[in-house]
Amino acid sequence: MAKLFSSFEEIYQNETRIENVLTEYSKYSAHTHHDKENELLHKHIHLVMQYGIKLSEVHDLNKVINHLIKDWILVNPKITKIELVGNFVKRLFVNTLLYHDYGKVNENFQIEKMRNSHLFKENRHNKIGAKHSILSTYIYLNIHLQEIIENKYFTTEEKEFLIINTLIFSNSILKHHSGFFEQEIVFDETIVENLRPYLHLFGCESIKGVKSILINAVSVFTHSINKLKSNSEQYFPIIALTKLNFSLLTASDYYATNEFMQDIRCTDFGLFSKSDKSNLFDRFLNNEEILYNGELMRNFEYFNNLEFENLNERNNKNLNLLRQKIAAEAITTLKNNSQNFLYYLEAPTGGGKTNISYACALELLKIDEKLNKIFYVFPFTTLITQTFSSIKKTLQIGNDKVIQLHAKSGFHTSNDEQQDDGLYGNNKLNYINNLFINYPITLLSHVKFFDMLKDNDKDNNYILHRLSNSIVIIDELQAYTPKHWDKIIFFLINYAKYFNIRFVIMSATLPKIDKLSTEAKGKVVSLVPNRHKYFTNANFKGRITFDFSLLGENGKKIITLDQLKDVVYEQLENYYSSNYTANGLIEFIIKKSASEFYKNICKDKRYEDYQKFLISGTILEPRRQEIIEAIKSKEYKGRKFSKSVAVTTQVVEAGVDIDMDIGFKDKSLVDSDEQLAGRVNRNAKKNNCKVFIFNYDKEYSVYGKDNRHKQKISFDDYKAILDDKNFDLLYDKVNNDIIKLNDSKWIVNLKDYLENFKSFNYRKINNDFQLIEADAISVFVPLPIEQKWFTASELQFYNNYNDTASDFIDGEKVFEIYKKIIFADNDFISKAIDKKQIIGIMSKFMFSTYTHSSMTKELLIYSDMEVFNQYGMIYLSHYSEVYSLENGIDDSKFKEAIFL
């Protein structure tokens, strides 16, 4: 298949050069520069093509494009000349890069944008002013449509099919300077006629057939598409092709323009070389700080063949042996199913899931030599930051090999050391590498990742081409609403198939979403076939005991906060009497309830010798880190403690690395309840650890729209799921509901969503699949925060703008720096770097709330409205009245307070 159609480079070499047809080509410019002569148009075009060829080569995109084209052609069974038609489609794809700036021959563009008034006369009749993208599109369409119409070898059906493709790919040219991509070719007769003289510059005439197609582009396109009468699922190849085309065009154009403007040539695109892969495995094997990976690989068969019946006794030795056995079993299964593209990695809490994923990723790099990059996808920022540190330590790599992408990450430099101000040229290269994530390992949010797959936004499509030949590890799948599980598996199975992506989906409570796809069903390999034996082993199942007594006999008993306070105290004291330590974790589903309970125990004299903490979505990241460090070290503000209570919301369920003794959980989704249990006796080294489930707030207020909440599960089944870790008992019910929905003719479902593919409605493809549907707004709290919570590079950046020495970073001054940067008259890249750096600092002063909530309106009373109107964020200028670093928002001051 890879050789069925001509390569990217072969097509470029066989196409007519612009300098061979454009008279006086050397007088046309593409870009201006304040320090050197204009960049000539033909030189820019060839540089773009060189980057396009290089990107297609390093990411092996010819194979991807060919596969997509072949399956797209098969949508029309009347096409018999597959190779001939496919090669023309491939030319259309490649030539978007070649033709994207042909429209810069527009005299008005040369005069207004290129300052070439001495070479050109204004054209007042072209009806497009100084625009160039629409003219480039017009030239591209005319030349290729004329070829199709006059071709003697294509049948009528084949010509219609190629006309469709010409119209589709021309959108990349039309939109290559826009912020988004969509199917939008509209030419009126006046523009068609007034642009016709430009065709003479390229030795082309406008024939009647082409003119008719352009003027009636929408109806021609719609009529031809409707004639195909294909299933909407079959349109994935052409949607992926257009997104990939837009990605390659805009990325290549950016690289080329950057090379001229910044004198920075990009040659390293952040891929694993053969030596990199060898070094990774060697470091994994011989890491002197982490010995268990070396032990695993050197004694692989021993761990693989351990008998379960010899590992039932609950002790630390058996726990570690079980962790090694899970890893050995996962790697063995992976090797035996190396031809597959999707894998489930299901491991119990404390089973070393993340470390196993490293081992599996390294094994995949060995299995398929074409694989050359790894993406880790997480639902929570805390998981990204933790794994960033973990993966650097485990694989012994630096910032040149791994990047974390999230709002709080700041500006990433390839050197781990602090950057010198004099190395600003290096920072500009770092900016390009940040923009295109040119790093072999990328850690990013699930929203960012799925936006790459489905979004029509330019910034997300920039990096789509990088997905080819990658390993993608998706963590905590259960965090995604079931509403989109069928869409998730649709995208995963198709991108895996065409882009040679190996997906590893992992969780301790893993929904088997392959059951929602006919194509995926049975093709997702479980890397831990003995999953049940691990989950029910005493070293994992016996880690904690669930206690349901607070729910009553029918599971519906409601508890008061005073009653809960008594139970918490009684259980912690009881645990302390035997263990001389007692650390309790109490989770509520609504922030206001957590705050109220926290205030109650702070007033209760029985809790005087307990260190008390509140963790919620309004607690700033530095304070959260302070709490986590205190709980781990059992020391707070210079004082050791043996008793503690952490009152929290759901933010603690994943990514918060704490190990408590006793847990109390307000009943919600069953997998959420299990996630909380993962913070108790995390390393299975303690005895008599329990998690008590209670009823306080109504789950409907938070989970009412979640299909898991709607399931009719008996109290006995609920208890059985948590006790036996059989989450399929819940997920099968959810999956069956989704399957019934998708079989219905009367309810909006997956089939309706996929109709967006058939209609080329890129906006709805994106908008109808939003993992987070509620809009959020940032709240900035301008209080002082200790310097110790900031990195060396953040402190240096802050100090560049601030001369006052202090042990604290002042939030007010941070925001003033932000405003200076926003209004600074710097070049684009320098300004973007500064903005990224200051936003990383600002994130430590910020939390989020829902944009359209009553809480947002109430918060504005205590904020600077000028900042809100100008910057789109809530600047809590009067924070002292409603906010404290230790406790976050004071809920008593607000009518509504449903923060997480």
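Me: Before we dig in, what should I know about the numbers?
Reply: Residues are numbered from 1 along each chain as its sequence is written, and side-chain values use heavy atoms, with hydrogens and water left out. Since you asked what to know: in this predicted model, local features need pLDDT of at least 70, side-chain atom pairs count only at pLDDT 80 or more, and totals for chains, interfaces and linings use all residues.

Me: How many residues of strand β15 are buried?
Reply: Strands here are DSSP runs of E with at least two residues, helices are runs of H or I with at least four, and both are numbered from the N terminus. Buried means under 20% relative accessible area, exposed over 50%, and partly exposed in between, using a 1.4 Å probe and protein chains only. Lys643, Val645 and Val647 point one way from β15, while Ser644, Ala646 and Thr648 point the other way, and all are buried. So β15 (residues 643-648) is largely enclosed by the rest of the structure, and its buried count is six of the six.

Me: Which residue in β15 is the bridge partner of Leu614?
Reply: Strands pair if DSSP finds at least two bridges between them. β12 and β15 run parallel and are joined by five bridges, while six bridges join β15 to β11 (residues 582-587), also running parallel. For Leu614, the partner in β15 is Val647.

Me: Which side chain of opposite charge is nearest to Lys612?
Reply: Lys612 sits in strand β12 (residues 611-615). Its side chain reaches the backbone oxygen of Tyr607 at 2.8 Å, and a polar atom of that side chain lies 2.8 Å from the backbone oxygen of Tyr610. Lys and Arg count as positive, Asp and Glu as negative, with His and the chain ends not counted. Lys612 is buried yet has no salt bridge (a Lys or Arg side-chain nitrogen within 4 Å of an Asp or Glu carboxyl oxygen), and at 7.1 Å the nearest opposite charge is Asp609.

Me: Glu184 pairs with Lys175, but is Glu184 buried or partly exposed?
Reply: The two side chains meet in a salt bridge at 2.7 Å, N to O. Lys175 is buried, with a relative accessible area of 8%. Glu184 has 34% relative accessibility, so the word for Glu184 is partly exposed.

Me: How far apart are the closest N and O atoms of Asp673 and Lys665?
Reply: Lys665 also meets Glu587 in a salt bridge (3.5 Å, N to O). That pair links distant parts of the chain, with Glu587 in β11 and Lys665 in β16 (residues 662-666), 78 residues apart. Asp673 and Lys665 are both buried. In their salt bridge, the closest N and O atoms are apart by 2.9 Å.

Conventions:
Polar contact = N/O pair within 3.5 Å; in protein donor to acceptor, adjacent residues only side chain to side chain.
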